[in-house]
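Please look over the model below.

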Amino acid sequence: MAVGKDDVEIIKPITDKREYRRIVLSNSLQVLLISDPDTDKCAASMNVGVGSFCDPVGLEGLAHFLEHMLFYASEKYPLEDSYSKYITEHGGSTNAFTASEQTNYYFDVNTDCFEEALDRFAQFFIKPLMSADATMREIKAVDSENQKNLLSDAWRMNQLQKQLSLESHPYHKFSTGNWDTLDVRPKAKGLDTRQELLKFYEDKYSANLMYLVVYSKESLDKIQSLVEDKFQEIRNSDRSCFQFPGQPCKSEHLQILVRAVPIKQGHKLRIVWPIPPSILHYKEGPCRYLGHLIGHEGEGSLFYVLKTLGWATGLSAGEGEWTLEFSFFKVVIDLTDAGQDYMQEIVGLLFKYIQLLQQSGVCKWIFDELSAVCEIGFHYQDKIPPIDYVLSIALNMQIYPPKDWLVGSSLPSNFNPDTIQMILNELSPENVRIFWESKKFEGLTDKVEPWYGTAYSIEKVSPSTIQGWMSLAPNEKLHLPAPNVFLPTDLSIKNAQEKVKLPVLLRKSSYSKLWYKPDTVFSTPKAYVKIDFNCPHASYSPEAEVLADLFARLLMDYLNEYAYYAQVAGLHYGISPTDSGFEVTLVGYNHKLRILLETVIDKIANFEVKPDRFSVIKEMVIKDYQNFKFQQPYQQAMYYCSLILEDDTWPWMEQLEVLPRLNVEDLAKFAPMMLSRAFLECYIAGNIEHEEAESMIQHVEDVFFKGPNPICQPLFPSQYLTNRVVKLERGMNYLYSKEGLNPSDENSALVHYIQVHRDDFILNVKLQLFALIAKQPAFHQLRSVEQLGYITVLMQRNDSGIRGVQFIIQSGVKGPGHIDLRVEAFLKIFESKLYEMTNDEFKSNVNALIDMKLEKHKNLREESRFYWREIIDGTLKFDRREAEVAALRQLKQQELIEFFNENLKVGATGKKTLSVRVYANQHLAEYNSEKSEPVQPNTIQIDDIFSFRRSQPLYGSFKGGFGHMKL
C-alpha cells in the first residue's frame, strides 16, 4: 500500500491537461503517476540512485554490466529475453543507461498491454535471474559496446579529462567496462564476476533509492493500485544515499594545458573550470546565464569575433558533467587551421570576454529576458513521446523537490547577482584546465591514456602566462548582446477556418506548389514552414553537388549572427542541401516567423560569395569528407547500400577529389545558374491562417520569379526531378564487399538487405508485420545468444517508396561473410516459428501494429515530418495510416506466410537480396578467400557500383510530375 499521497502541488505547464500525483509506497519507493486519457502509448521509467561511481575497485563497469543483466530474465518470467520480446511484440521499445550516480531503465508499450509489461518490468527490481551462462555472454556484449566507442573522439576526450583528476575520486574511473575489467582481471584475483554482480545488486539496489514514473491513459486511482500491486515487493534495505564528497581536481590538475591527438581531422579547444554545482542554485540559473553570454553568437560575442577573424567555426558554453558535489563549466571551440596557429590569442580573447562580464556586472535585463524565454518555453513546450517524458522526469526526481519534478532547472526565476558572480569568479586563470586536440600533435606527445589509448602531453600554464595571452589578443570590440527582438509576444491561437484532417493543395502555379495543414490538434502558437528548391542544375555532377553544399553552408554562415537571436527565442531555421537543390525549414513560434523567412529569402536571392568565409567553409567541408572514413563500419555499409540502390548519386570520394580545386569564382558562377531554373515545393502548417500561408509563398515567388530580370525561370516539363531506385532481379543475390576505410577499426559490418516492393498498402503491412514479429527474435538470436556484436538491428527500409528490410550487424568477433550465413540461419529458424504461430498470436501481432499505426502525432514537428516525407517522396498518401490499418484488418495469417515464402524465405524464387560487407583488417583473410572463390549460383558479385547501376533496370519514380503521378 502507499504510505501516503502527497498534496504537494507539482508545477506544470499552463497548456498541460495531464494529471499528476506523487505517492510513496510502504517500501519507501517514490512514484510519480501521470494520467493522460489521450495517450496511445503507456510508459514507465525507474531511476536507481546507483551508478558507475559505485563500481568496486578492480571491477570497472560492474554497474553498467548489471544494467545489461537485468534485461535477461526473472524468477517470475524465467524465459530469457521474454521482457524485451513482450514489449517489442506489443508495439513498444525498451532501453537503459548507466550514469555516474544513477542507472535508468525505461520502456513504452501499447496501452492495452501495459499491466503485464509493467509486471515484467517490476521483476528487474524484485527477483532477477542472472544465470552463469547469460553472465558470460553478456560480458561480451559490454566488451563489444566498449569496442564501438574506442575510436570515438567524444568518449576518448571524456576519459582523458577523467584521467587527469584525483585517482582516489570516482570521477577518475573507467565506467563502461570491458572483457579485461569484467573477466580477465577478476579471474586473476580469484574473483567470480557473477558472484560480485549478485553481491553488488543485493548490497546497492534498494527501494528507498529508487524513483519511478508511470504514464498511462487510466485514472490516477487505477494507476496507483496497479503500481502498489506490482512494485511493493521491491526490497527496501534502507540504504543511505551514496555520496562521493570532495573535488576530483586538486591543484596539480589545474593550470594545465593538455595537447591530445584525436582520431578525426579538425582542431578543438576545450577550456574547463571546476565550479560549485549550479544545481544548488537552480532557481537562480547561474550557469544558464553565463553559458548564454559566453556561448552567444550575435554581433559582439566571443564567437562572432573569432569567426570574423577566421579562427573558429563553432563555440558552445555551459555546465558540463556535474553531481551534487562537483561540477565543471566548459567552453568548447572548433578551430580552423588558421585558428590552430592562434591558440594563445583565442584563449586570451575568452578571458577578455570573461573580464568584460566582470566589468559589466550582472545585468538584470539579460536575466529577465532569459527567464522570459525559459518561461514561454516551459509553458508552451511540445508534447513528446511518453517514453522520453518519463525518462526526463525520473532523472529529475532524484535531484529536485517534488514540486519541481517537471520543471527541473528549466525556469530560472530568482535574480541573484551574487550567485552568478560567485560562479563567474571561478572562471579564472588560476582554475583553468585547457584541452587542445589536433592531428598536428601526432608524434609530439609523451603519454598515453590507458583505457582508449589517446596520445597526449601535459604542461603547466600559469596565470601570468594567460595574462600574457590576453595582451596578445587582438583588440576586437567585444560587447554584450542586444535585446532580443524575436521574443514572441503574441501567443494567441488562431481559429482554423477549415477543420481539415490532412494537408490540402492550397495553391499551384508553374513556379510552386503549396501544401497547407492548419493546426487542428495541438493548439500551440507554433508553425512549420518547408520550402524545397528543386533545381535541376544542382546535382548534375560531383562538382555541382559540392557547390550546392557550399552554397547552403555559406548562407547559414551569413545569417548566423542575426538568426541566432531567433533561435534563442525558440524560432529555428535551417538551409540544407538536398539531392536536387536545397531546402529551407523554419519551425517555432509563429509570431515573428515571417520576419525571419523574409530575411532568409532575401539572403538567398542576393547571394554573393565572400572570399574569406568561402575559404573557411570550404576547409570545414573538406574535413567533413575526410572524416567520412572514421564513420562506424555499419554506417559505411549503409552508405554503400544507398549508393548501389539510388540512381544519380555521387560517391564521397569523387566529391572529396573535386573539392580542393573549387574556388570563389566557381561558386559565384554556379549559384545563379543553379537558381536559374527552379520549382518550389512548399508545406506550411500550424498556427497560420491560409491567407497568410498563401501570401508567404506569393512573396517568395515575387522575389525569385517576378520583375524585369527574374532570378529563376520555371522548369521545363522535361526537367522535373525524379527519385529512381535500382530494381534488383527476383531470385538473385547481390554481393558487394569492401575493406573498412579505417585500418585501426577492428569492427567489421554487414548490411543484409532484402528488397521487396514498390509502395503498396497491402504489401506494406505484410512487410511491417514481418519486421514487427521478427525484430526481437533476431536481436535475441544474433546478439544475446550468438554474441555477434553490440549493434544488431532488423529494420524496415524505404528508398523513395521502394520498400524492404535490412539486417544491420557490426562485429569485432566474426567477419561479415560468416555473419551473412548466420542471418540466413536465423531466417530458417524464424520460418518454423512463423508456421507454428497460433491464430491468437497472429491476431495479437496484427492488433499491436494497428495500435502503432493509430498512434497520434505528439506535436507539430512530428506531424509535419510525416506529411513532408509523403510530399518529398512523391507518394502523397496523406491518409496512409488509415489505409494501411484497413488493409491490416483484412489480412489473413496464410497471406503473411505466403508473403514470407515468396519474398523473404531463404531460397525463395522471388527473393532479392543485397549483402554489403565491410571488412576490418582482422577479417581480411575471409575477404581475400571470398574474392578468389567461384561465385555461387544466382549470385552477382558487384565490383564497380556505377557499372552495376548503369546496367540495372530502375523502378518508376513517384516524384516528378507537375501534379505528381496519381496512384
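Which residues does Asp81 touch, not counting residues up to four places away in sequence?

## Asp81 and its surroundings

This is a predicted model. In it, Asp81 touches Phe71, Tyr72, Gln776, His780 and Ser784, with residues up to four places away in sequence not counted. One of these partners also makes a polar contact: the side chains of Asp81 and His780 are joined at 2.7 Å. Asp81 sits in the loop between strand E5 (73-74) and helix H2 (82-89).

Is Asp81 buried or exposed? Its relative accessible area is 6%, so Asp81 counts as buried, the cut-off being under 20%. Even so, Asp81 has no salt bridge. The nearest side chain of opposite charge belongs to Arg137, 7.1 Å away. The backbone deserves a look too. Asp81 is not a glycine, yet has a positive phi of about 65°.

## Asp238, another positive phi

Asp238 is not a glycine either, and its phi is positive, at about 50°. The residue lies in the loop between helix H8 (220-231) and strand E10 (256-260). Is Asp238 buried or exposed? Its relative accessibility is 59%, and the cut-off for exposed is over 50%, so Asp238 counts as exposed.

## The nonpolar cores

How many residues make up the largest nonpolar core? It has 95. Those with the most contacts inside it are Ile531, Phe533, Phe551, Phe582, Ile604, Leu667 and Leu914. Helix H17 (residues 542-568) gives the most to this core, contributing 14 residues.

Neighbours within four places in sequence are left aside here. Ile604 is then in contact with Phe551, Leu555, Phe582, Val584, Leu675 and Phe704.

Strand E27 (residues 912-919) is mostly covered, with 8 of its 8 residues buried. Lys912, Leu914, Val916 and Val918 point one way from E27. Thr913, Ser915, Arg917 and Tyr919 point the other way. In a regular strand, side chains alternate between the two faces of the sheet.

Which way do the partners of E27 run? Strand E23 (residues 732-739) runs parallel to E27, and 8 bridges join the two. Here Leu735 stands opposite Ser915. Strand E24 (residues 748-758) pairs with E27 in the antiparallel sense, over 7 bridges. In that pairing Gln755 stands opposite Lys912.

Why is strand E26 (residues 802-811) described as largely enclosed by the rest of the structure? Because 10 of its 10 residues are buried. Ile802, Gly804, Gln806, Ile808 and Gln810 point one way from E26. Arg803, Val805, Phe807, Ile809 and Ser811 point the other way.

E24 pairs with E26 as well, in the antiparallel sense and over 10 bridges. Ile809 in E26 is the bridge partner of Leu750. Strand E25 (residues 792-799) is also antiparallel to E26, and 8 bridges join them. Gln796 stands opposite Val805 in E26. E25 and E26 form a hairpin with 2 residues between them. In the turn, Ser800 has a positive phi of about 45°.

How many residues of helix H9 (residues 286-294) are buried? The count is 8 of 9, so the helix is mostly covered by the under 20% cut-off. The buried residues are Pro286, Cys287, Tyr289, Leu290, Gly291, His292, Leu293 and Ile294.

Tyr835 belongs to helix H25 (residues 816-836). Its relative accessibility is 38%, so Tyr835 counts as partly exposed. Leaving aside neighbours within four places in sequence, Tyr835 is in contact with Ile897, Asn901 and Lys905. Asn236 lies elsewhere: Tyr835 and Asn236 are 46 Å apart in space, C-alpha to C-alpha, and 599 residues apart in sequence.

Conventions. Residues numbered from 1 in each chain as written. Predicted model: local features only at pLDDT ≥ 70, side-chain atom pairs only at ≥ 80, totals over all residues. Heavy atoms only, no water. Core = buried A, V, L, I, M, F, W, Y, C linked by side-chain atoms within 4.5 Å. Buried < 20%, exposed > 50% of the residue type's maximum accessible area, 1.4 Å probe, protein only. Helix = DSSP H or I, 4+ residues; strand = E, 2+ residues; numbered from the N terminus. Contact = heavy atoms within 4.5 Å. Lys, Arg positive; Asp, Glu negative; His and termini not counted. Salt bridge = Lys/Arg side-chain N within 4 Å of Asp/Glu carboxyl O. Polar contact = N/O pair within 3.5 Å; in protein donor to acceptor, adjacent residues only side chain to side chain. Pairing = 2+ DSSP bridges.
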